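Hi everyone, thanks for coming. Let me put the sequence and the structure up on the screen, and then I'll walk you through a few places I'd like you to look at.

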Amino acid sequence: MKPLDWRDAAVVLGVSALVFFIGLGTHPFRSTEGHRVAPAWAMLETGDVRTPRLFETVYVRKPLGMPWAIGVSSAAFGQHEFGARVPSALAGLALAMLSWAFARVWFGHRWGLAAGLGAALFPALWPPGRAAEIEMLMIAATGAAAFGVIECCRRGGVWPLICIGLGVFVSGAAKGPAGLPVIAAACAGGVFVLRPRSRHVLAAMVATGIGLLAALLAIPGDSLGEPVVRQGVGDFLYTPERLLELPAFGPMVALTAMPLVLAMLLPWGPDARREGERSQDAGARHRVALALAWAFALALVVYTLAGVANPRYGLPAVVVLPPLVAYAARGAFSPDEFLVHRARIARWMFLGARWSWPAVLLGAFIAWVAVAEPRRAETSAFAAAESLAPHLEPGEWVWAESQADTRPELLLYLEQMTGVRAYWAYDEVQADPPTLAPASRPAESPQVEPPDALILTLPERDLLVEMFGAEAFREVARVTVRARELVLVRPTRPADTMAAP
């Protein structure tokens with residue numbers, strides 16, 4: 001590797017560290033971060049790494065990959081926001097470095113820097129890369145597998161196979177089959193454009209199979225007959241109300257992929273083919289770029305045909321775009337790579353100079369961290385937990401129903417602030433009729449004591465008052481979380497005497 005490559009690698013590494021690590025633990029958990037963090041920290045407490053629990057209730061909506069990653073990170077760095085978000089930040093950094101490494105092989109060592117910076121400064125990846133969420137780990141792993149597939153189709157080798165196997169394993173362990181459409185599209189694009197040797201295709205298929213088999217390890221273990229919270233893949237696919245949204249899926253993902261998606265437009269057309277015919281090396285670069293562009297387009301088609309309507313779930317498709325930034329940069333700033341008018345278009349995409357667009361995107365990131373990220377953090381239930389904490393005592397059992405699922409960070413912070421034990425009354429409150437007595441559970445499972453306090457929405461409180469009578473509860477405090485009013489109540493008589501008439 002030439003010295004320039006080491007400098008480029010250091011730049012990509014430094015910018016990635018700035019984007020994904022600076023201020024990583026500044027803001028409290030929000031949105032669905034608690035769904036990932038609570039099971040991971042429960043594993044650290046109990047030592048049971050096969051049965052994820054969200055506040056004592058078996059929670060198997062997602063595979064075990066992210067709880068495992070957060071558990072390892074939290075054991076190393078501590079059980080706090082920074083420790084829980086490190087896996088996502090590392091995944092963002094890894095994607096940038098992989099983009100740099102593969103792009104320099106495909107488009108020349110001088111141009112890998114453009115791909116690495118394209119991945120690190122891609123705005124759509126900032127939120128998942130700075131959150132204790134599944135997406136960034138799955139996206140980076142999907143990118144590793146897709147890059148490995150393209151390189152395997154180009155010339156084969158051991159390292160591409162390792163990327164495929166590890167990428168498929170981590171992607172599947174993090175979010176099941178969510179990244180498979182991108183990997184399959186990369187394979188289709190690579191085979192269609194690069195015309196690989198059959199043994200290379202077979203090797204890629206074997207590596208994919210090994211990765212899928214390894215991902216089965218992340219399927220949660222036996223729940224011991226307890227109530228289980230599940231979520232099938234079908235929940236994200238076709239539904240009648242989503243049919244009208246499907247035509248907008250591809251354009252919305254492409255809009256989300258700005259500005260990287262602009263580079264996807266360059267490998268197409270007769271002028272691009274003529275540029276590739278100038279030399280054998282130019283032809284090889286053009287074919288790889290075209291394979292990547294096909295991979296992006298085909299991935300969107302596969303997601304749409306599968307019935308995925310939410311553009312957020314199409315985000316894994318954009319991982320094939322950063323290397324195309326290297327192709328565009330070479331065409332814009334390398335003499336005689338592109339035809340004159342196409343070179344002019346490519347330079348316009350880069351705002352006229354090599355460093356213009358990284359400077360603009362870096363400025364946009366600084367503004368996002370200073371303004372947008374704090375506003376997102378305001379949606380956290382951390383302040384509500386601070387308001388409720390003085391009304392609770394260590395060791396008490398605090399039950400919640402919907403808020404355990406919609407605002408999990410509320411219970412997570414209450415556990416940290418007060419030493420209470422939070423319990424998701426998933427089956428008890430939803431029962432018909434409802435009961436506040438502990439559910440019957442196998443002897444091997446955790447024994448949940450009756451509630452000392454409950455956190456309820458107003459409709460939930462009204463339901464229990466209707467079933468048990470107003471005298472059964474004493475309201476202790478009220479808080480508001482995102483315009484929803486919650487009440488903390490205490491039972492006025494033992495929970496095991498509460499039964500609906």
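How do the axes of α2 and helix α3 cross, and within what distance do they come? Before I answer, please keep in mind that this is a predicted model. The two axes come within 8 Å and cross at roughly 60°. An angle under 35 degrees would count as roughly parallel, and 65 to 115 as roughly perpendicular, so α2 and α3 are oblique to each other. As for handedness, α2 passes α3 in a right-handed crossing. If you want to see the contact itself, turn to the side chains. From α2 come R36, V37, A40, W41, M43 and L44. On the α3 side, they meet M66, P67, W68, I70, G71, S74 and A75.

Let's stay with α2 for a moment, since E45 belongs to this helix, which covers residues 33-46. E45 forms a salt bridge with R421, and the closest N and O atoms are 3.9 Å apart. R421 sits in strand β5, residues 421-424, so the pair links distant parts of the chain, 376 residues apart.

R421 counts as partly exposed, at 30% relative accessibility.

Three strands form an open sheet here, in the order β1-β2-β3, and the pairing is mixed. Strand β2, residues 57-59, runs parallel to β3, and 2 bridges join them. If you'd like a landmark, find V58, whose bridge partner in β3 is V228.

For the last stop, come along to strand β8, residues 484-491. This strand is mostly covered, with 6 of its 8 residues buried. Strand β6, residues 453-457, pairs with β8 in the antiparallel sense over 4 bridges, and I455 stands opposite L488 there. Strand β7, residues 473-481, is also antiparallel to β8, and 8 bridges join the two. In that pairing, F473 stands opposite P491. β7 and β8 form a hairpin with 2 residues between the strands, and R482 takes a positive phi near 50°.

R478 forms a salt bridge with E485, the closest N and O atoms being 3.3 Å apart. R478 is partly exposed at 38% relative accessibility, and E485 is partly exposed too, at 31%. Which residues are linked with them in a network of salt bridges? The network also takes in R461, D462 and E475. Across the model, the count comes to 19 salt bridges.

Definitions and conventions: Residues are numbered from 1 along each chain as its sequence is written. This is a predicted model: local features need pLDDT of at least 70, side-chain atom pairs count only at pLDDT 80 or more; totals for chains, interfaces and linings use all residues. Side-chain values use heavy atoms; hydrogens and water are left out. Two strands pair if DSSP finds at least two bridges between them. A salt bridge is a side-chain nitrogen of Lys or Arg within 4 Å of a carboxyl oxygen of Asp or Glu. Buried means under 20% relative accessible area, exposed over 50%, partly exposed in between (1.4 Å probe, protein chains only). Axes are lines fitted to C-alpha atoms, for helices over the stretch in contact, and angles run from 0 to 180 degrees between N-to-C directions. Angles under 35 degrees count as roughly parallel, over 145 as roughly antiparallel, 65 to 115 as roughly perpendicular and the rest as oblique. A crossing is left-handed if the near helix is turned anticlockwise from the far one by less than a right angle, and right-handed if clockwise. Contact means heavy atoms within 4.5 Å.
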